[in-house]
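Please have the structure open as we go.

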Amino acid sequence: MRQTRSKNVGITLFILLLLTPVYWLLNMSFKTNQEILGGLTLWPQTFTFDNYAVIFTDPSWYNGYLNSMLYVSINVVITLSVALPAAYAFSRYKFLGDKHLFFWLLSNRMAPPAVFLLPFFQLYSSIGLFDTHIAVALAHCLFNVPLAVWILEGFMKGVPREYDEMAYIDGYSFPRFFIKVFLPMIRSGIGVTAFFAFMFSWVELLLARTLTSVDAQPIGAIMTRTIGASGIDWGVLAAAGVLTIVPGLLVIWFVRNHVAKGFALGRV
Amino acid sequence: MDKIPDNRAWWLVLPVFLLVAFSALIPLMTVVNYSVQDIFGPGQAYYVGAEWFKEVLADERLQDSLIRQFVFSGFVLLIQIPLGIGVALMMPKSGIKGSLCLILIAIPLLIPWNVVGTIWQIFARGDIGLFGWGINQLGIDYNYTGDTLDAWLTVLLMDVWHWTPLVALLCYSGLRAIPEAFYQAAEIDRASKWAVFRYIQLPRLKSVLIIAVLLRFMDSFMIYIEPFVLTGGGPGSSTTFLSQTLTTMAIGQFDLGRAAAFSLIYFLIVLLISWLFFTAITHADKEK
């Protein structure tokens with residue numbers, strides 16, 4: 001019993017330490033700039049929603065969130081639709097060059113985005129996709145598709161092949177079997193993959209910033225605008241930061257029952 | 001499970017192959033192309049062979065940031081892996097408390113990287129940040145924008161804060177997969193807590209730990225946005241890591257040939273080390 005208690009104390013302490021920086025941001029987002037710069041206060045003395053009002057009333061601010069969400073969603077859809085069949089192939093069949101292909105795919109997850117910065121810029125400019133959501137979504141496929149194939153392959157290996165064979169005996173065609181029988185069996189894997197794809201696309205800024213200028217600019221790039229002639233607008237910066245955490249929280253809430261298994265990427 | 005040999009499976013892999021070829025192979029070829037040429041302007045390019053590579057390998061600025069990068073990644077692994085295991089061992093096994101812990105611990109992972117930088121930029125400031133203020137109150141002179149050691153420790157602390165949750169969650173899911181019977185057997189044998197950890201939990205964590213080490217190595221080796229926002233690479237160039245040196249060279253100075261050669265060397269280092277880890281993973285998979 002004493003052991004559980006000390007464990008509880010330990011984990012509570014860790015979570016508190018983990019959340020303190022986030023609390024500090026939240027705290028600051030409800031303060032006026034005068035209070036922020038005036039001295040240290042543990043909670044807002046003059047509570048204000050003004051910082052959030054700035055963001056929600058100015059299209060150039062809230063469009064940043066919409067842009068980010070749009071390219072992240074496109075990315076998740078593309079990633080899942082190409083990774084699902086590929087992962088199935090890797091988990092079920094042996095084919096020419098399969099191991100090399102698999103490692104080559106993974107090697108792209110290892111490529112530092114900074115390496116691809118300039119070529120991406122030129123590539124997407126030359127085909128007229130610069131400053132579009134689709135360009136960012138495609139660029140993020142570079143690291144999301146390999147990861148998705150890897151995670152999904154782990155989950156699919158866990159489904160015995162007898163199911164496939166049974167379905168063929170019952171007269172299912174491959175597409176019908178895949179969509180009606182197979183996908184529902186690995187839905188927690190799909191949920192977790194979508195979560196990871198969302199996460200890595202949402203938090204990435206280097207590529208997203210390089211491939212956009214106005215129309216598809218992500219929120220991260222817009223946040224740098226708070227540094228104006230009169231110094232940094234700390235309150236609005238904090239409010240913008242808090243709002244970038246919200247979508248992630250919503251997504252993890254939806255997959256909360258699968259994350260425990262999914263975080264092992266289907267490999268335990 | 002035995003796999004069926006069937007080359008028609010290529011049709012299923014084709015979309016991924018085309019997509020990744022488009023978004024990786026074409027850009028990579030561009031980089032290779034730049035790395036062997038000296039470009040003065042449109043239509044004025046000269047083949048220079050391995051010249052850029054020689055120059056880059058001899059460049060002291062790059063050697064410095066490479067060493068810095070290895071030291072940083074080393075510390076990241078040394079701190080985050082044991083800490084992550086520790087946290088995972090403390091997490092409640094199931095129920096609403098388990099879910100709640102999971103979500104709260106995942107929060108730092110869901111924050112965009114520039115915001116992570118911003119959070120710490122504020123949090124560590126001596127005047128308006130709780131952390132910087134607190135340290136100064138303890139009588140320790142702390143200033144991450146002026147002092148090299150302080151800047152290093154702040155960047156490291158930020159990364160520990162940011163990514164230990166990933167290690168913890170990976171290990172947690174590994175621990176959850178251990179059947180209860182193992183623990184019961186250990187109890188009958190009156191195994192000590194350490195023995196349970198050493199002979200039951202740790203071996204079972206092996207495959208997740210390899211994933212954790214691999215992901216943490218790769219991502220810490222590519223770190224860019226967070227230290228860039230927090231310290232801007234300073235003071236001096238004390239927290240300028242590889243990606244930032246490369247970005248400055250490619251975008252800032254537009255030094256294409258040198259940047260391209262540097263990119264390829266950078267990529268090869270990551271690839272080589274990751275390949276070693278990857279072989280370890282497939283090896284572990286086979287053993288099971």
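This is a predicted model: local features need pLDDT of at least 70, side-chain atom pairs count only at pLDDT 80 or more; totals for chains, interfaces and linings use all residues.

Residues are numbered from 1 along each chain as its sequence is written, chains are lettered from A and ligands numbered from 1 in the order in which they are written, and side-chain values use heavy atoms, with hydrogens and water left out.

The C-alpha trace of chain B spans about 75 × 70 × 30 Å along its principal axes. Of the 288 residues in chain B, 54% are buried, where buried means under 20% relative accessible area, exposed over 50%, and partly exposed in between, with a 1.4 Å probe and protein chains only.

Now, which residue does the side chain of Asp159(B) make a polar contact with? Asp159(B) lies in helix H7 of chain B, residues 148-176, and is buried, with a relative accessible area of 3%. The partner is the side chain of Arg216(B), at 2.8 Å; a polar contact here is a pair of N or O atoms within 3.5 Å, and within protein one must be able to donate a hydrogen and the other to accept it, while residues adjacent in sequence count only if both atoms are side-chain atoms. Beyond four places in sequence, the residues in contact with Asp159(B), meaning heavy atoms within 4.5 Å, include Phe72(B), Gln80(B) and Ile223(B).

Let me turn to the helices. Helix H7 of chain A, residues 133-157, packs with helix H1 of chain B, residues 10-35, at an angle of about 135°, their axes being 9 Å apart. Axes are lines fitted to C-alpha atoms, for helices over the stretch in contact, and angles run from 0 to 180 degrees between N-to-C directions. H7(A) and H1(B) are therefore oblique to each other, since angles under 35 degrees count as roughly parallel, over 145 as roughly antiparallel, 65 to 115 as roughly perpendicular and the rest as oblique. Among the residues making the contact are Leu138(A) and Val145(A) of H7(A), together with Leu19(B) and Phe22(B) of H1(B).

Within chain A, helix H4, residues 59-92, and helix H13, residues 234-254, pack at about 25° with their axes 12 Å apart, which makes H4(A) roughly parallel to H13(A).

Key. Helices (H or I, at least four residues) and strands (E, at least two) are DSSP runs, numbered from the N terminus.
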